[in-house]
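This briefing concerns the packing of nonpolar and aromatic side chains, together with charges placed over rings. Please consult the sequence and the coordinates alongside the text.

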Amino acid sequence: MDEPVAAMCDQLIKAVNVMMDAESSQRYRLEALKFCEEFKEKCPFCVQCGLQLSEKVHSPVIRHFGLQILEHVIKFRWNNMSQQEKVHLKNCAMGLLSNGTTSILEEESHIKDALSRIIVEMIKREWPQQWPDMLKEMETLTSLGDAQTELVLLILLRLVEDVITFQTLPTQRRRDIYLALTQHMDSIFSFLLNILQQHVDDYRRLVSAKAHCRVGVAALNTLAGYIDWVTMVHITHDNCRLLEVLCLLLSEPELQMEAAECLIIAISRKGKLEDRIPLMVLFDDVAMHYIVSSAQSADGQHYSFLKRLCQLLCALGGQLCSLVGSHVEVPTNIDKFMEAFLAFTTHPSQFLKSSTQITWGTFFRHEVLSKDPVIIQMAVRYIRETMTNLVKRGFPSKNDSPSCQYSRVDFDSDEDFNHFFNSFRAQEGEVVRNACRIIPLEAFLISSEWLKYQISQPINTGSTTSKTGEGLCSILSPSAVQWDAMTFFTEGVVGQLFKNVEREKLPVEQGIELLQEVLNYETRDPLILSCVLTNVSSLFPFITYKPQLLPLVLIKLFNAITFEVVEESKAPRTRAVKNVRRHACSSIIKMCRDYPDFILPCFEMLYNHVKKLFANEFLLTQMEKCALMEALVLISNQFKDYNKQEAFLEELLAPVRALWLSEEMSSVLSDPVLFLKYVGADQVLTDPNTEDQFGLNRSRISFCVYTLMGVVKRARWPTDQQEAQAGGFVVGCSSTGAPIHRSPCTAQVLGLLPNLLAFIRTHNCLFLPENVAHLSETFTRVHEVMDVERNLVLGLPQPVLDIYDSPVYKTTLERMQGFFCTLYDNCFHVMGNLGPSLHQDFYTIEGLAEQIIGSMFTNLDSLPDNRLRPFMFHLTFSRVFMKQLVLSCPKEYYESLLCPLLGPLFAYMLQRLNLSWQLVNQRTSQLAHCKNNKVYSIKYIVLSKLEYLFPFNPLLQDIYMTLLTISFNALSWKDTSICHRTASVVCWTLLRQVIGENLQTEAVTWFFTSILKGLQMHGQHEGSLVALTQLALLVYETLRPQYTELRTIVTQIPNVQIEALDQFEQKMLTPSTNKATEKKRKDHFKKLLAGAVGKPLGQQFKKEVHIRNLPALFKKVKPNLKRDLLDLENSETSGLPSLFSPQQDDV
């Protein structure tokens, strides 16, 4: 046989060389691969060839292939090999461990890995039953040299990875090996520690230092694989000797990374608190000294080690927070720990700073630690350090900060850093708020000093100035980043001040003085001005102590609303200028919402100023006009007089009513062709610099809808029933005795509603072919998905960071697309708020259901997904149409309003979704369509939760069945997130409502079959598997007694065992409240469904590995409880004590 083996080895060497040769053609490479695979599957002397190819005389590539052959034999032929062949292969493999490798420093790592996997595969099949001396043999191998010691450590690591971490073994074998590992864990840990100690000592004596260092690293890596799951007793054995050794190794540059990793795993262990108490030994002076000194000695070249140390301290802090207060006292040297922890918060690396934030927040929220003097002192220091940390600097492309060199390691681009920093700042802001609960007055003093300092400093634009105007900051200018950080800091501090300090102890004088300084500060820089407005809003609560400042605040905000860098410029406004104006509008709305009684005396001043601004049609945008109107409506709610507020709203809406109800506008809103002509969508524009003559028309329509939306959202009756009654808002009582209110805006809004419904109908008709034909060449793509929406759906990266705040130039098409999309969305916002706002007056509109169907549900077939998706979005969320309609709808209108709306809507969505997913399944659609469909479907699944809003009613039976059809169909759509949400939230909640309604057998079997289809499609994912299995269990247990057909379906699942099914059904008839029994029942049912669970694509064509179970380690003997009671009574040892006698072995 030697000659055939040698010949085959020669062919295999040639084939491997062809595969690995970069010059080989694709054809030859595939032929060589095919030859090698066929050899492994069919050749009778694979073992001989594998052993010969793995000899040291060959190149590493050939040796590795030889070891792969041996591993393949063990994986796929082991069960068919004779005992003699197994012993022979095992002895040869052990021989390879003994002398089949070169020295530890010369041998390739992939050779070591392949050789260790061979041994592990045999261990998984034979240990401990058939190979009881495996551990002793491994220990003997370590005496042969460093190379063998490293291989043994790799074997122990790979074994625990397969058994514990990845769990790639059958359950019984995994339990056997786990039990054997647990029984020998004392000796394993002692062995690992001795190996580590021995080689570390030799390494320190500089005797073959590199080799001993390599073994030390392997020992630490192996320990890391065990520390994660062994009992805490082994980690804390011998007065925490392991932790002591690991702390000492933190000072060894070649071993410190692995030592830190082991410590992190050990300290991060969960479990019983009393078991974790020994970990507090790390707060001793000696251990803390080694941790701190290792951090101090690490420089930029050991940045990765600093990250590990930071993780170590964070884990240690987490354990401290868990144990203090219930099991241990605050450590006496906690100040040393906090100093070391604060050092990482002050490190130049932004990543290290961010890594400490969660732990800081835990300290400041802790019931005991937050009151400790050391933590309180640290909170003050943390607040001061935050002033530096919040300043945005450290961009990878810059060199203006020590953070930059670390950012170049952690981030790929400035955009990546910017995204990270925004998240980091939000996180740090939350920690600052937690700290302010401990030291609110000290934090306010610090923020006051910072704000005053910024006001006193001249503006420094730096080298990156804005292109908008001369002497203006860009977002990276020194003054801009300082103002931005200070503003964010002050906002968080002042907010907590009013929440955590009693009214009598508030620093009112300092706050008013600070507000006056902010109001007196003048700047024409939009970035700085935006920060100033934020500080005005933050400090506004102090104004309640000095109302004389209110006019100054309003003047400041009104000046900002009309802010321009360059007056009467025709260039588009920059993003910074837009932000200033929007910021001012938002501030006014916030003030009027939170302090309406306080601002009410200034209502006339505010109203007159708004009128002056509205006199110039081009001074404000439509959104800004709407914001000011909302503010006025909010204050008018404080009139608490129906007639007065109605008169005001009538006056406020008079311009809108005149424009919206004009004959011209009514025609435009009712006719798609006239609408397109009115907004200029039929015009051909060849010159982009040509002035848009139809922009005014579009702004008028937007103004009407914006205003209507603002009034409907904000106009309310008094919440106090006595005030509502006295003000004339109550018109009667419902059948339940609840008061019926009337809204002061009812008359005006209902007068405008017909044209609004007409416009929605017109918009839906714009997608008909005859109307699309009226679009000019310039606007043929006006109905397509906007770039912003497309990027959001496709998950594309954020746009390039705009440092210089250049004017935002939009094309004519982009402006028209934005107009169509925003206007359509706002119409649904209006419709969504009509129910809560008008309440009874809205639901009593004659023929309301028919009007809504004839408007909003018209021509849905022609709407593309990018329009139907926002339609579904607005039907879904609480602040808009359909859900709000149902929430506020009186029960007496369910039949007349909800049934006519929900029935056709859900039926249509079922049809639409099935068609869309059919296209996806056929792979006829592009990625964008698939992604669009995914989001669209997710919105609909959320919509299905409308059933929460009202209990099942026979009148709604058809609607429920449609919802059930959609929900159970969604289980097999090709989207895991939809399946998981539907299975875990929607399906059972809907189904249990109709269980008592005599469901047809076909429906029940379809429900259960749909769950099995979901398992086939998504069972490969653990989250979906759990949700679907739980759903299947609920359905089976609930409906199986009534519908025997469910058992027939289960019997058709591949590989199901009828005996196991009978056992489950028998247990199902005797339910138990015991949690352990309940878990076994679920596991039992999960095994019954195992044949229906689909495999991932990567596993479908993979050859399965079969590992046979070995004889049980321990044979359970059932006790014989039968006893002749008469003989027992007559015996000399009769009586109750005899039952517990050691001599009664059969009891």
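Which residues of the largest nonpolar core touch the most other members? In this predicted model, they are I119, W127, Y226, W360, F363, F675 and F1008, within a core of 343 residues. Helix α17 (residues 303–323) contributes the largest share of this core, 13 residues.

**Nonpolar cores**
- Residues up to four places away in sequence not counted, I119 touches A93, M94, L97, W131, M138 and I155.

**Aromatic pairs and cluster**
- The count of aromatic pairs comes to 45.
- One of them is the tilted pair of Y1036 and F1064, with 6.2 Å centre to centre and 50° between the planes.
- Y1036 belongs to helix α52 (residues 1022–1039) and F1064 to helix α54 (residues 1058–1068), so this pair ties together parts that are 28 residues apart in sequence.
- Y1036 is buried, at a relative accessible area of 0%, and F1064 also counts as buried, at 0% relative accessibility.
- One aromatic cluster is formed by F283, F337, F341, W360, F363, F364 and Y382.

**Charges over rings**
- R742 places its charged end over the ring of Y642, 3.6 Å from the ring's centre.
- K1103 lies over the face of F76, 4.7 Å from the ring centre.

- H72 is located in helix α4 (residues 60–77).
- Because its relative accessibility is 10%, under the 20% limit, H72 counts as buried.
- Neighbours within four places in sequence aside, H72 is in contact with K40, E41 and R77.

How values were computed: Residues are numbered from 1 along each chain as its sequence is written. This is a predicted model: local features need pLDDT of at least 70, side-chain atom pairs count only at pLDDT 80 or more; totals for chains, interfaces and linings use all residues. Side-chain values use heavy atoms; hydrogens and water are left out. Helices (H or I, at least four residues) and strands (E, at least two) are DSSP runs, numbered from the N terminus. Buried means under 20% relative accessible area, exposed over 50%, partly exposed in between (1.4 Å probe, protein chains only). Contact means heavy atoms within 4.5 Å. A nonpolar core is a set of buried Ala, Val, Leu, Ile, Met, Phe, Trp, Tyr and Cys residues joined through side-chain atoms within 4.5 Å. Rings of Phe, Tyr and Trp (its six-membered ring) pair if their centres lie within 6.5 Å; planes under 30 degrees apart count as stacked, over 60 as edge-to-face and the rest as tilted. A charge sits over a ring if NZ of Lys or CZ of Arg is within 6 Å of the ring centre and within 35 degrees of the ring normal.
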